[in-house]
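Visitor: I'd like a close look at one part of this molecule: the places where side chains meet. Could you walk me through them slowly, as I'm new to this?

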Amino acid sequence: MDPPKEGDQPQLPPMFSSQEVLNGQSVFNKAVTAANSGDVGTVFYSCDEGILNVAITLNPEVIKSKAIQVHYLMTLGLSDTLAALVPPEIEISHIWPNLMFMNRGLMGKILLFDSGEDRNKVPSWIVSGVQIRRKVECEKFHKTIEATSLEDEGAAFLSNVRIIEAITRHFLVWLNAWQEDGFN
């Protein structure tokens, strides 16, 4: 793949569009506001202070107790993205429900927002997304958890655009499999 040029928009599958969010504004607030207005299939993103934020607006067709399973799908999509893009010696792991680790250092999290309906009703919208550390802000996240980043793990060469494209594509693969077969 050719490296993207400054200002390039992510090249996403046809069912998705992209929307960059200005630094200092919350990607997740923008995505939730858009989803609440009926926006579906938009990938909101920004890289603010060394953290890449990506949020995808979705329109579920199943009850909330099943629709929130997209959280698992985003976790799998992010894992597949990192496994495909970062150097092969990097260990990728998780602590449920939302923490992502590289070489045992906390490097990101998976987020999920929904419209708040009862678990037995179809939600109006869901926003699924990730936050990935490009640079470490501090050395310790907690007394026992080290922080890390793409830069610290030798993956600073990855562009935000390529990461956004890969997350969206890997998430879509898992979403399609889930819609066809569910969790087996």
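**Where side chains meet**

Guide: Let's start with arginine 162 and glutamate 165, whose side chains meet in a salt bridge at 2.9 Å, N to O. Before going further: this is a predicted model, in which local features need pLDDT of at least 70 and side-chain atom pairs count only at pLDDT 80 or more, while totals for chains, interfaces and linings use all residues. Residues are numbered from 1 along each chain as its sequence is written, and side-chain values use heavy atoms, leaving out hydrogens and water.

Why would such side chains pair up at all? Opposite charges can do so when their charged atoms come close. Here, a salt bridge means a side-chain nitrogen of Lys or Arg within 4 Å of a carboxyl oxygen of Asp or Glu. By that rule, the count is three.

Back to our opening pair. Arginine 162 and glutamate 165 are three residues apart in helix α4, so about one helical turn separates them. (Helices are DSSP runs of H or I with at least four residues, strands are runs of E with at least two, and both are numbered from the N terminus.) Both arginine 162 and glutamate 165 are buried. That word means under 20% relative accessible area, with exposed being over 50% and partly exposed in between, using a 1.4 Å probe and protein chains only.

Next, lysine 64 and aspartate 114 form a salt bridge at 3.2 Å, N to O. This pair links distant parts of the chain, 50 residues apart: lysine 64 sits in helix α2 (residues 64-67) and aspartate 114 in strand β6. Lysine 64 counts as buried because its relative accessibility is 15%, while aspartate 114, at 25%, is partly exposed.

Then there's arginine 104 with glutamate 91, a salt bridge at 4.0 Å, N to O. Arginine 104 is in the loop between β5 (99-102) and β6, and glutamate 91 is in the loop between α3 and β4 (92-95), 13 residues apart. Arginine 104 counts as exposed at 65%, and glutamate 91 as partly exposed at 35%.

Now for the rings. Rings of Phe, Tyr and Trp (its six-membered ring) pair if their centres lie within 6.5 Å; planes under 30 degrees apart are stacked, over 60 edge-to-face, and the rest tilted. The structure holds three aromatic pairs. One of them joins phenylalanine 28 and phenylalanine 113: their centres are 5.8 Å apart and their planes at 35°, so the pair is tilted. Phenylalanine 28 lies in helix α1 (residues 27-36) and phenylalanine 113 in strand β6 (residues 105-114), so the pair ties together parts 85 residues apart in sequence. Phenylalanine 28 is buried at 7%, and phenylalanine 113 is partly exposed at 32%.

Tyrosine 72 and phenylalanine 183 make an edge-to-face pair, 5.5 Å centre to centre with 75° between the planes. They are 111 residues apart, with tyrosine 72 in helix α3 (residues 70-85) and phenylalanine 183 in the segment after α4. Tyrosine 72 is partly exposed at 41%, and so is phenylalanine 183 at 43%.

Ring pairs link Tyr72, Trp96 and Phe183 into a cluster. These residues also form a nonpolar surface patch, with about 350 Å² of accessible area together. Patches are made of residues with over 30% relative accessible area and no salt bridge, joining like charges within 9 Å and nonpolar side chains (Val, Leu, Ile, Met, Phe, Trp, Tyr) within 5 Å. The areas come from the Shrake-Rupley method with a 1.4 Å probe, and for residues only the protein chains shown count as cover.
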